[in-house]
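Please keep the sequence and the model at hand while reading.

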Amino acid sequence: MKFAYICFLSLVFIACKDEPKPSISVEEPQFKKEAEAYLVKATGDTLTSLDLEVADDEYQRQTGLMYRNSMQDNQGMLFVFPDEQLRSFYMKNTRIPLDLLFLDEDYKIVDFQEDVKPMSEASLPSKVPAKFVLELNAKQSEALQLEIGDYLLLKD
């Protein structure tokens with residue numbers, strides 16, 4: 001009986017041994033140029049050209065720039081929504097600081113969230129309805145001196 005008890009305890013010990021937990025690794029998504037555009041002052045002066053990745057379905061809008069370690073200054077992600085309404089974003093699993101430009105249906109800048117903190121789940125809402133949101137590297141809005149009324153012009 002004693003032998004059976006020792007065998008039982010040995011099996012329990014082996015079964016309860018801490019197994020290494022598998023780690024989940026996510027490959028960094030690569031930038032995929034899907035459109036070209038210009039940021040333009042309300043006066044019509046072109047500020048810069050951009051290569052854009054487009055998030056135009058629910059999955060792409062939910063994942064956005066998550067798991068990216070960097071983005072070039074001439075790149076951005078354009079979120080396309082089916083209608084114009086108040087928008088709210090967060091930075092969960094987004095490793096790089098960003099500027100969020102909220103655009104109306106005519107691609108005119110109607111609001112900003114600048115230099116937002118990476119990895120934060122805090123809500124980043126627009127103050128007015130927007131149909132599009134353009135994400136750029138943090139400080140780009142300031143460097144380009146973007147203002148409400150400036151706009152995004154898509155290349156044909």
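How many bridges join strand S1 to strand S2, and do the two run parallel or antiparallel? In this predicted model, strand S1 (residues 35-40) and strand S2 (residues 46-55) run antiparallel and are joined by six bridges. The two strands form a hairpin with five residues between them, and in the turn glycine 44 has a positive phi of about 105°.

**Strands and sheet**

The secondary structure of the chain comes to three helices and nine strands, and from the N terminus on the elements run α-β-β-α-β-β-β-β-β-β-α-β. Seven of the strands form an open sheet with mixed pairing, in the order S6-S5-S8-S3-S2-S1-S9. The edge strands of this sheet are S6 and S9, each of which pairs on one side only. Averaged over the sheet and with direction ignored, neighbouring strands are turned by 30° against each other.

| Strands | Direction | Bridges | Bridge partners |
|---|---|---|---|
| S1 and S2 | antiparallel | six | alanine 37 and leucine 50 |
| S1 and S9 | antiparallel | four | alanine 37 and leucine 154 |
| S2 and S3 | parallel | five | leucine 52 and glycine 76 |

**Aromatic pairs**

A search of the whole structure finds four aromatic pairs. In one of them, the rings of phenylalanine 79 and phenylalanine 89 have their centres 4.9 Å apart and their planes at 90°, so the pair is edge-to-face. Phenylalanine 79 lies in strand S3 (residues 75-85) and phenylalanine 89 in strand S4 (residues 88-89), ten residues apart, and both belong to what the pair links as distant parts of the chain. Phenylalanine 79 and phenylalanine 89 are both buried.

Why does the pair of tyrosine 107 and phenylalanine 132 count as stacked? The centres of these two rings are 4.2 Å apart and their planes stand at 15°, an angle under the 30 degrees that sets the limit for stacking, so the pair is stacked. Tyrosine 107 is found in the loop between strand S5 (98-103) and strand S6 (109-116), whereas phenylalanine 132 is in strand S8 (residues 130-137), so the pair ties together parts that are 25 residues apart in sequence. Tyrosine 107 is partly exposed, with a relative accessible area of 22%, while phenylalanine 132 is buried, with a relative accessible area of 5%.

Ring pairs also link Phe79, Phe81, Phe89 and Phe102 into a cluster.

**The chain as a whole**

Of the 156 residues of the chain, 37% count as buried. Among the contacts with a separation of 6 or more, 68% are between residues 24 or more positions apart. The chain exposes about 9,900 Å², of which carbon and sulfur atoms supply 53%.

Conventions: Residues are numbered from 1 along each chain as its sequence is written. This is a predicted model: local features need pLDDT of at least 70, side-chain atom pairs count only at pLDDT 80 or more; totals for chains, interfaces and linings use all residues. Side-chain values use heavy atoms; hydrogens and water are left out. Rings of Phe, Tyr and Trp (its six-membered ring) pair if their centres lie within 6.5 Å; planes under 30 degrees apart count as stacked, over 60 as edge-to-face and the rest as tilted. Buried means under 20% relative accessible area, exposed over 50%, partly exposed in between (1.4 Å probe, protein chains only). Contact means heavy atoms within 4.5 Å. Accessible areas come from the Shrake-Rupley method with a 1.4 Å probe; for residues, only the protein chains shown count as cover. Two strands pair if DSSP finds at least two bridges between them. Axes are lines fitted to C-alpha atoms, for helices over the stretch in contact, and angles run from 0 to 180 degrees between N-to-C directions.
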